[in-house]
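Let us take a walk through this structure together, one pair of residues at a time. Please keep the sequence and the 3D view open as you read.

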Amino acid sequence: MKTSGSRGRWLIILPPLVFLLLFFLIPFAFAFKISLAQTAAHVPPYTDVLQVTPEHHWRLVATLANYRYLLTDELYGAAYLFSLRTAFFSTLICLALGYPMAYAIARAPRATQSVLLLVIMLPFWTSFLLRVYALEGIIRDNGLLNTVLLHLGLIEHPLRIMRTNVAVYLGIIYSYLPFMVLPLFATLEKLDPTLLEAAADLGSTPWRAFLDITLPLSVPGMIAGSMLVFIPAVGEFVIPSLLGGPNNLMIGRVLWDEFFGNHDWPAAAAVAIAFLLLLVGPIAIYQYYNVRQLEA
Amino acid sequence: MERRGSLLLFSVLCFGIAILYIPILVLIGYSFNASPLVNVWGGFSTNWYGQLWHNRQLLEAALLSLEVAVSASTGAVILGTLAAVALVRFARFPGRLLLTGMVNAPLVMPEIITGITQLLLFVSMVQLLSWPHRGFTTIVISHVTFCTAYVTITVQARLASADRSLEEAAMDLGAGPTRAFLEITLPIIAPAIVSSWLLCFTLSLDDLVISSFVSGPGASTLPMVIYSKVKLGVSPDINALASLIVCGVGALILTAGWVLRRAERRRRLEVQLAEQ
């Protein structure tokens, strides 16, 4: 494509560049602008930050009140911390469950491997919303889990799981497990088996060899998988909304209520901007340095 | 030790797979329950499936969702492939870093934030340009935005591993760069394009959060209708609908995977034969 000149090049570069600029990046500028406005009782429900005076001068009417509100109102800080905590612990559980699964797949014969990967991937391709809904059939008071446990005589009264934080944890683990298994498998599969053989020859027990060789070498996969679970889990809305209790404080849900319940668009915009800086900012910087390191 | 370890690994794997599949299987089972009460088995019935055909609201939402999914995945495949070609083939151009960032960012952006910011954009655009009206158009635009990321990543990987010498050979034989790309490279990256189209299709069909923000009155996608019904609790007709969608999408993916694998094998064979 070298000979097609720079005109042809721009025909390829410009459409995605302009589209993403317009519909992905610029929206954040608008969100920032609206986060400096105040709520108003008209459509759209916020004041103009840039106003035109009768003398045709531009006037900036901005306020930091929404950000001040975020800092002083206990709800948002609590919601942010609660979301981080929920995402952190569900990521840990996903890792504990996903690691042995990925390890087992990596050690399976090649033909079985592709079937197992397909089995793990298939739920990811089908509907996320419907899978969360399906989980309700298992964990509700008269669902499968309680029926089986009652039948076996392990419990006397149905366990109350639905509309509790336990349900939210279960939902996140159930929904995001494939995201943990796949990158872990990709790392474990590439591992050089001769390293383990060498360790065994030198008198290492399999368990020792696993701790000394496999585990450290699979750290990149653990990080990749954890990011894929943690990041969407922090901002999760569907799971806390369908499975969590009425007082569940995941930030995604707080944001949704602020928007659709209270119609406070400027406050919601401020939450979005703050959330972006607090969550996505650090990740972007981390990724940037990670890529730079890989390229170096 | 070794044997016991393997057994343990294998049981955890089975446990994990069971967790992934049991809820869906139970849901499909319940969808054939004649009783409208969720905890009573009233015998086998396909009654709920029949009722779906008379639910206008669901049918309209399903149609809208399919239209959105087809338009959005087609748009995303075009933009995403262009972005992949730009990023793999052009080592240096102004805005390369920006494009890389904007292609990757939607993957880590919480949906709720993308949804809010895009709605605020559309609302501001309507004030300035009286366009776009919230509904089909805005949902498609939003879906194209996040789907493009998946297409670019998939096609990029395939394109980077494609052998450039074939294309160069074609150009040596007198083909123009565009023709060489269309006839040599496009067939090589075609499987990646097809599978990313499918991925976009299923992601778009499933999206609740972004659609809820950017949609307008009167335009409810299937997930929006399902969500509002499910919020009220388990309902038997949603069980039937969910079973249909899960099985339909599952069958589509399995068939597509099978066809792609066969095509890929044949292509490898042809390359081998040609090289001999």
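The burial classes used here are buried for under 20% relative accessible area, exposed for over 50%, and partly exposed in between (1.4 Å probe, protein chains only). Before going further, please note that this is a predicted model, in which local features need pLDDT of at least 70 and side-chain atom pairs count only at pLDDT 80 or more, while totals for chains, interfaces and linings use all residues. Residues are numbered from 1 along each chain as its sequence is written, chains are lettered from A and ligands numbered from 1 in the order in which they are written, and side-chain values use heavy atoms, with hydrogens and water left out.

**Salt bridges**

A:Arg160 has a partner: its side chain meets that of A:Asp141 in a salt bridge, at 3.3 Å from N to O. The term stands for a side-chain nitrogen of Lys or Arg within 4 Å of a carboxyl oxygen of Asp or Glu. A:Asp141 sits in the loop between helix 5 (128–139) and helix 6 (144–152) of chain A, and A:Arg160 in the loop between helix 6 and helix 7 (165–190), so the bridge ties together parts that are 19 residues apart in sequence. Helices (H or I, at least four residues) and strands (E, at least two) are DSSP runs, numbered from the N terminus. A:Asp141 is partly exposed, at 34% relative accessible area.

Over all chains, the structure holds ten salt bridges. Here are some of them, with their N to O distances.

| A:Asp141 | A:Arg160 | 3.3 Å |

A:Asp212 is partly exposed at 44% relative accessibility, and A:Arg208 is partly exposed at 45%.

Elsewhere in chain B, salt bridges link B:Arg158, B:Glu264, B:Arg267 and B:Arg268 in a network.

**Where the chains meet**

How many residues of chain B are in contact with chain A? The count is 89 residues of chain B, touching 81 residues of chain A, where contact means heavy atoms within 4.5 Å. About 7900 Å² is buried between the two chains, and carbon and sulfur atoms give 81% of that area. Buried area is the accessible area (1.4 Å probe) that two parts lose on being put together, summed over both. Between chain B and chain A there are zero salt bridges. On the chain B side, helix 1 (residues 2–31) gives the most, with 17 residues. By class, that side has 65 nonpolar, 16 polar and eight charged residues; Ala, Val, Leu, Ile, Met, Phe, Trp, Tyr, Cys and Pro count as nonpolar, Asp, Glu, Lys and Arg as charged, and the others, Gly among them, as polar.

**Inside the protein**

The largest nonpolar core has 171 residues, and A:Val238, B:Leu99 and B:Ile226 have the most contacts inside it. Such a core is a set of buried Ala, Val, Leu, Ile, Met, Phe, Trp, Tyr and Cys residues joined through side-chain atoms within 4.5 Å. Helix 3 (residues 74–107) of chain A gives the most to this core, with 15 residues. Beyond its neighbours within four places in sequence, A:Val238 is in contact with A:Phe128, A:Leu129, A:Val132, B:Leu208 and B:Val209.

B:Thr221 lies in the loop between helix 9 (209–214) and helix 10 (222–230) of chain B. B:Thr221 counts as buried because its relative accessibility is 2%.

**Chain B overall**

Chain B has eleven helices and zero strands. Of its 276 residues, 50% count as buried.
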